[in-house]
Structure formats: structure tokens, C-alpha cells
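Thanks for coming. I have one structure to go through today, and I will keep to what can be read from it. Please have a look at it first.

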Amino acid sequence: MIKATFTRDEHGDIVKFLITGHADHGDYGKDIVCAGVSAVSIGAVNGIEALAGFAPQVDADEVNGGHLLVEATGAATGEQNHIAQILLENLVLSVQSIADQYPDYVHVTTQQA
């Protein structure tokens, strides 16, 4: 099962997210659930870098997969943070949508920092 945990600060901003596990919905390389979660999460990280203009801290298991920790700190301006928050809120919606369709394979939680 894929577990996605989003951590919010006292203002409600997403400050980090952790995605772990494997969906095991299909054969390796053909797992649409894993591919979907991977695509939206990596897309959010790339979007923060390209559109918000700063690089979040990323820890990923690039060999085995199944682990992505992103800390969305480091925005130099309020506008950079605003853009990053829009992208991160969209990520929450996207992963939750996948979890709604595949509840046996994806679980989403939100916690306070």
C-alpha cells in the first residue's frame, strides 16, 4: 500500500510530505496506481522548482522506489511560498483522488507539524 502523509504548519501551509510503499496493484512497470502517484508527486516537486523558483529538500529512494520525502521550505519570498502551496494543495487533491478510486492501494493522511 502507498501511504501519503502531508504535514501542515500552524497556518495550514503544507511544509512537507512523505510518500512510502508500493501499490502492488499490477506487475512491476505496469502498476497504474503507482505510476499515477509517482507522476503527480514528482510533477509537484518539479513544479515547485520551475514555477516557484526554489528547490525543496528531497530525499528519495531512486533505486527501489517507495520513498519520497519532500520538505517545502526554502522559499525566499511570500510569492514563492504562495506558488508552492498551490502546487502542494493540488498534489493533495490528486493523491486523494487516486486514493478514492483505489482505496485498497493508497491511504492519505494529514497531520500538524
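Which residue in β2 is the bridge partner of Phe6? It is Phe17. Before going further, note that this is a predicted model.

That pair belongs to β1 and β2, which run antiparallel and are joined by six bridges. The two strands form a hairpin with five residues between them. In that hairpin, Gly12 takes a positive phi near 90°.

Now the other neighbour of β2. Strand β2, residues 14-20, also pairs with strand β4, residues 67-71, in the antiparallel sense, over five bridges. In β4, Phe17 has Val70 as its bridge partner, and Ile19 stands opposite Leu68.

In general, strands of a sheet pair through backbone hydrogen bonds, either parallel or antiparallel. Here, five strands make an open sheet, with mixed pairing, in the order β3-β4-β2-β1-β5.

Next, the helices. Helix α1, residues 32-52, lies across β1, β2, β3, β4 and β5. Relative to β2, α1 runs at about 150°.

Then the core. In soluble globular proteins, nonpolar side chains tend to be buried together. The largest nonpolar core in this model has 26 residues. As for Leu88, leaving aside neighbours within four places in sequence, it is in contact with Ile14, Phe17, Ile48 and Ala72.

Is Thr7 buried or exposed? Its relative accessibility is 4%, and buried means under 20%, so Thr7 counts as buried. The side chain of Thr7 makes a polar contact, at 3.0 Å, with the side chain of Gln111. Leaving aside neighbours within four places in sequence, the contacts of Thr7 include Asp13, Val15 and Gln112.

That is the end of my part.

Notes
Residues numbered from 1 in each chain as written. Predicted model: local features only at pLDDT ≥ 70, side-chain atom pairs only at ≥ 80, totals over all residues. Heavy atoms only, no water. Pairing = 2+ DSSP bridges. Helix = DSSP H or I, 4+ residues; strand = E, 2+ residues; numbered from the N terminus. Contact = heavy atoms within 4.5 Å. Axes fitted to C-alpha atoms, helices over the stretch in contact; angles between N-to-C directions. Core = buried A, V, L, I, M, F, W, Y, C linked by side-chain atoms within 4.5 Å. Buried < 20%, exposed > 50% of the residue type's maximum accessible area, 1.4 Å probe, protein only. Polar contact = N/O pair within 3.5 Å; in protein donor to acceptor, adjacent residues only side chain to side chain.
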